[in-house]
Amino acid sequence: MGSLLLNLKCCKPLTSVRFSLLPCANSFQQFQLRPFKSSKPRLFRCFCSSQPVIDAKNFAKTNADKPAAASSQLLLYNTMTRQKDLFKPKVEGKVGMYVCGITAYDLSHIGHARVYVTFDVLYRYLKHLGYQVCYVRNFTDVDDKIIARANELGEDPISLSRRYCEEFHQDMECLHCLHPSVEPRVSDHMPQIIHMIKQSAKEGEPFWESPWGPGRPGWHIECSAMSAAYLGYSFDIHGGGMDLVFPHHENEIAQSCAACNHSNISYWIHNGFVTVDSEKMSKSLGNFFTIREVIELYHPLALRLFLIGTHYRSPINYSILQLESASERIFYIYQTLYDCECVLSQHDVAIGKDSVLPDTVNSIDKFHNDFVASMSDDLHTPVVLAALSDPLKTINDLLHTRKGKKQAKRLESLTALEKTIRNVLTVLGLMPTSYSEVLQQLRDKALKRAKLTEDQVLLKIKERNEARKNKDYEKSDAIRKDLATVGVALMDSPEGTAWRPALPLALQEQVATT
């Protein structure tokens with residue numbers, strides 16, 4: 001994150017910082033925001049009022065007047081306490097959440113994608129539980145990196161940052177990330193930042209002259225100022241990547257406490273790093289990928305599935321194998337639901353009491369319970385994705401097996417299963433606008449990776465059919481293998497031969513040997 005520093009440069013402190021205010025009537029609370037890899041916590045002391053400070057005016061702008069009651073308990077890992085804490089908002093039924101945004105000087109990378117998909121899932125789940133959420137995510141559009149990049153390109157810094165903010169919005173749209181309630185920009189909040197800096201000045205402390213008067217270097221002041229502007233000094237959730245634990249978020253605590261003795265954030269949430277082929281992602285290693293580069297070859301929802309397929313606090317390893325696997329899996333999910341939709345569209349199905357098979361009811365109940373238990377246990381999305389297997393298998397059995405097609409109340413069961421899965425996919429941000437459209441998009445991406453056109457694949461299928469007709473099974477098998485090598489799988493049925501995206505043959509062999 002960038003910092004507004006009163007035109008002064010900020011240096012990382014060489015020693016751990018202890019901060020305490022002058023004595024006052026309020027009791028003090030000790031804060032410990034600990035980096036994941038450090039055994040020694042850095043300590044901050046600030047004076048906190050038990051009375052929450054929530055910006056009700058801004059809640060009113062973004063939410064309905066009456067708060068909804070949450071329907072389930074939620075445990076979230078709190079970096080401050082280093083444990084899973086039961087989530088309890090400061091204002092019943094309402095949640096204030098601030099997530100540190102990008103510094104807008106370049107296209108966003110897959111590390112950014114992980115951060116904002118993670119907090120999009122949290123945002124969606126809080127809303128699913130019935131909370132009214134004021135979600136604030138900022139843009140840093142004043143920063144040395146922005147200025148340097150603008151000078152390189154001969155462009156106005158604010159214009160450049162605005163352009164990359166829009167590029168970021170496009171990436172988030174592709175990844176199905178919901179729009180936050182508010183997206184403040186540093187350039188629009190100079191008065192709030194200057195005002196906060198003034199609260200930190202104390203008589204007898206060193207200062208330097210600046211265009212705004214005497215001051216000293218600030219600590220990542222922008223997020224403290226903007227979070228306070230929209231959520232008050234006391235709110236529920238502050239989030240970001242693990243790399244922000246120190247110095248950014250610890251500095252925020254110190255400066256916010258200095259500015260207001262009521263400053264108190266209940267839950268600090270951080271997601272883990274992204275590695276590439278088990279190495280840390282960095283430009284210097286040449287393994288740095290932007291979101292735009294990835295979704296050129298892979299569907300954005302495949303990328304999203306990959307990102308939530310690992311628990312958000314764990315490191316996630318980005319590799320071609322992982323992305324190909326996610327692409328194959330999400331194609332299977334949407335193909336199953338599309339097949340279900342096609343059958344149901346031919347009938348007018350009404351679900352009433354006792355209209356669904358008992359076995360189906362049990363399957364739905366188990367899936368729902370697994371979903372609630374996993375999501376409420378610190379957003380355990382990988383368990384939810386694994387739990388999808390059973391209801392999807394039940395749908396396929398009802399659609400395609402001889403026994404399933406003869407099942408009583410088959411259509412009612414299919415309707416209930418599809419609706420349940422759709423609701424869960426919506427919370428996970430994986431629900432497409434159209435099953436048929438997303439399947440075609442996934443096929444198009446697979447063809448692009450295979451460097452083939454659909455006409456070329458269909459021609460190969462025709463050649464294979466001729467070879468089979470002539471009992472030239474060696475040629476038939478060779479065509480199948482050639483297509484499988486580039487990730488195109490052929491499926492034979494009484495209706496003919498179709499194709500679908502699949503793991504390329506070499507990656508299948510890699511999976512088999514691990």
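F168 counts as buried, with a relative accessibility of 2%. This value comes from a predicted model. F168 sits in helix α4 (residues 157-174) and forms an edge-to-face aromatic pair with F139. The protein chain has 514 residues, of which 50% count as buried. Its secondary structure comes to 19 helices and 13 strands.

**Aromatic pairs**

- Nine aromatic pairs turn up in a search of the whole structure.
- In the pair of F139 and F168, the rings are 5.6 Å apart, centre to centre, and their planes are at 85 degrees.
- This pair links distant parts of the chain, because F139 is in the loop between β6 (132-137) and α3 (144-153), 29 residues apart from F168 in helix α4.
- F139 is buried because its relative accessibility is 1%, below the cut-off of 20%.
- The rings of F289 and Y318 also pair, with centres 5.3 Å apart; their planes are at 40 degrees, so this pair is tilted.
- F289 lies in the loop between β10 (279-280) and α8 (291-297), while Y318 belongs to strand β11, so the pair ties together parts that are 29 residues apart in sequence.
- Is F289 buried or partly exposed? With a relative accessible area of 28%, F289 is partly exposed.
- F87, Y131 and Y267 form one aromatic cluster.

**Helix α5 against helix α6**

- Helix α5 covers residues 190-200 and helix α6 covers residues 221-231.
- The two helices pack at an angle of about 105 degrees, and their axes are 9 Å apart.
- Angles of 65 to 115 degrees count as roughly perpendicular, and α5 and α6 are therefore roughly perpendicular to each other.
- On the α5 side, the contact is made by Q192, I193, M196 and I197.
- On the α6 side, I221, E222, S224, A225, A228 and A229 take part.
- The residues of this contact divide into seven nonpolar, two polar and one charged.

**Helix α11 against helix α15**

- Helix α11 (residues 358-376) packs with helix α15 (residues 410-428) at an angle of about 10 degrees.
- Their axes are 10 Å apart.
- Angles under 35 degrees count as roughly parallel, so α11 and α15 are roughly parallel to each other.
- α11 brings T360, S363, I364, F367, F371 and M375 to the contact.
- α15 brings S413, A416, L417, T420, I421, V424, V427 and L428.
- How many residues of the contact of α11 with α15 are nonpolar, polar and charged? The contact has ten nonpolar and four polar residues, and no charged ones.

- H311 has its place in the loop between α9 (300-308) and β11 (316-318).
- Its relative accessible area is 10%, so H311 is buried.
- The H311 side chain reaches the backbone oxygen of D378 at 2.7 Å.
- Not counting residues up to four places away in sequence, H311 touches R114, D378, L379, H380 and P382.

**Contacts across the chain**

- Among contacts in the protein chain between residues at least 6 apart in sequence, 78% join residues at least 24 apart.

Definitions and conventions. Residues numbered from 1 in each chain as written. Predicted model: local features only at pLDDT ≥ 70, side-chain atom pairs only at ≥ 80, totals over all residues. Heavy atoms only, no water. Axes fitted to C-alpha atoms, helices over the stretch in contact; angles between N-to-C directions. Helix = DSSP H or I, 4+ residues; strand = E, 2+ residues; numbered from the N terminus. Parallel < 35°, antiparallel > 145°, perpendicular 65-115°, else oblique. Contact = heavy atoms within 4.5 Å. Nonpolar A, V, L, I, M, F, W, Y, C, P; charged D, E, K, R; others polar. Buried < 20%, exposed > 50% of the residue type's maximum accessible area, 1.4 Å probe, protein only. Polar contact = N/O pair within 3.5 Å; in protein donor to acceptor, adjacent residues only side chain to side chain. Phe/Tyr/Trp six-rings, centres within 6.5 Å; stacked < 30°, edge-to-face > 60°.
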